[in-house]
Number of protein chains: 2
Amino acid sequence: MSEADTGLRARLIEVGVDLVTTEGAQVLTLREIARRAGVSHGAPRRYFPTHQELLSAIARRGFADLGARATEALGDGGASPRDRLTTLGRVYLDFAFTQAGMYELMFRHDLLESGKLGLRETSLPLFGVLVDLVGRARPEADAALVAGALWANLHGIAQLWGWGSLQLATGATDFVPLLDAALDAHLGPEER
Amino acid sequence: MSEADTGLRARLIEVGVDLVTTEGAQVLTLREIARRAGVSHGAPRRYFPTHQELLSAIARRGFADLGARATEALGDGGASPRDRLTTLGRVYLDFAFTQAGMYELMFRHDLLESGKLGLRETSLPLFGVLVDLVGRARPEADAALVAGALWANLHGIAQLWGWGSLQLATGATDFVPLLDAALDAHLGPEER
DNA sequence: CCCGTCACGTAGACACCGTCTACCAAGGCA
DNA sequence: TGCCTTGGTAGACGGTGTCTACGTGACGGG
């Protein structure tokens, strides 16, 4: 956003986001992105020294999108911390399933291990919201620890459910009970 | 095991297992495996029609190894279900971190989505053990559901901790508190 | 006006990848 | 002996990411 939104750099990211959401993560080759952007395969190198850095830039858009969806769904508050956490969980899993290609890209091993993604800047804000909500839902607990365990649980559900492992193993057909079980487990059963 | 353990087929898998544990998942190219096995790059095709099928065979070894470690650590019982679940969780995470390359291979998106892996046969036995233990630790709960949520939690911890996200987010330096938090959450706090 | 500089993209080479196909050498069998 | 199957070789093909040399047009100073 800070750099010119016109120009090839922004267009490459745009094309990549489009490509990964519509066709999946396996078509995100450097040359294909360049083709769709209408430039030669060497052009991206002017802005992204390596393929991984272009992919990281695209993945960062994914984290930004997820964060935007979360803050938009959470609104300006009013609901209880527990209800807000339920909302957050649903947004997270909805994103993982409807934007499966992008979600896969966001958590690719080689990107994360390269450090080019800048996970601290991309995912920490949303995690901060999570910690805050957990702290208010369970004031007696170590909020960061519980939030970390809960995030891991959401991520695990997203992954395992995404490729059908949990359907096979549990025979379930809907992921909501799993989400509710995770929330109940980490936050205590919901009283009503 | 049923087919000849000598012969190229078995040797290719052996070389692949060796390669992924010592050098990581990104060196598991078809041609590199063939080179290390001392054959031409076309030879594997006689036994594995595609690269993915060879990788799947290697990954199945990983699931078998994980299962063996689990049953060996669990022994013939005696401990309480809760203690056995703690053991199981430690084995799972230890495997994920010490055999990081293999663990990464086992949960590669393209392998899982291709269906060549046969996740039902590979991971269901161990999941059955998990369901059984959960059922005895929490007789009142839906064992399959809780076991699924717990498995997802373990998997999420393995992944997020593996590439440092949770260290960054929570500031923790040891994953055991996270594991304990997950077990406490899904099984109820341990009385002592 | 003209020339140097520089940003920006092109084009081709390189090594490597997975797949496919034609070939070949050895062994068993009629 | 002749033939067919088995198991592996060797090379081609199109694709990939990276690197390097080369245009090419705009801009500013003499």
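Reader: Which helix gives the largest share of the surface near DNA strand D?

Author: In this predicted model, 16 residues surround DNA strand D, and the closest are Thr29(A), Leu30(A), His51(A), Ser40(B) and Gly42(B). The elements that give two or more residues to that surface are helix H2 (30-37) and helix H3 (51-74) of chain A. The largest share, three residues, comes from H2(A).

Reader: Which helix gives the most to the surface near DNA strand C?

Author: Around DNA strand C there are 15 residues, of which the closest are Ser40(A), Gly42(A), Thr29(B), Leu30(B) and His51(B). By class, this surface divides into four nonpolar, seven polar and four charged residues. The element that gives the most to the surface near DNA strand C, with three residues, is helix H2 (residues 30-37) of chain B.

Reader: Why are the two copies said to be related as by a two-fold rotation axis?

Author: In general, two copies of a chain are related by a rotation about an axis and a shift along it. Here chain B is superposed on chain A, with an RMSD of 0.0 Å, by a rotation of 180° and a shift of 0.0 Å along its axis. The two copies are therefore related as by a two-fold rotation axis.

Reader: Which helix of chain B gives the most to the side that touches chain A?

Author: The contact takes 37 residues from chain B and 37 residues from chain A. On the side of chain B that touches chain A, the elements giving two or more residues are helix H6 (109-114), helix H7 (119-137), helix H8 (143-162), helix H9 (165-170) and helix H10 (176-187) of chain B. By class, this side of chain B has 21 nonpolar, 12 polar and four charged residues. The helix that gives the most to it, with 13 residues, is H8(B).

Reader: How many helices and strands does chain A have?

Author: Read along the sequence, chain A follows the pattern α-α-α-α-α-α-α-α-α-α, and its C-alpha atoms fill a box of roughly 60 × 40 × 25 Å along the principal axes. Of the 192 residues of chain A, 40% count as buried. The count for chain A is 10 helices and zero strands.

Note on methods. Residues numbered from 1 in each chain as written. Chains lettered and ligands numbered in written order. Predicted model: local features only at pLDDT ≥ 70, side-chain atom pairs only at ≥ 80, totals over all residues. Contact = placed C-beta atoms within 7 Å. Helix = DSSP H or I, 4+ residues; strand = E, 2+ residues; numbered from the N terminus. Nonpolar A, V, L, I, M, F, W, Y, C, P; charged D, E, K, R; others polar. Near = placed C-beta within 6 Å. Least-squares fit on C-alpha atoms with pLDDT ≥ 70 in both. Buried ≥ 20, exposed ≤ 12 C-beta atoms within 10 Å, placed from the backbone.
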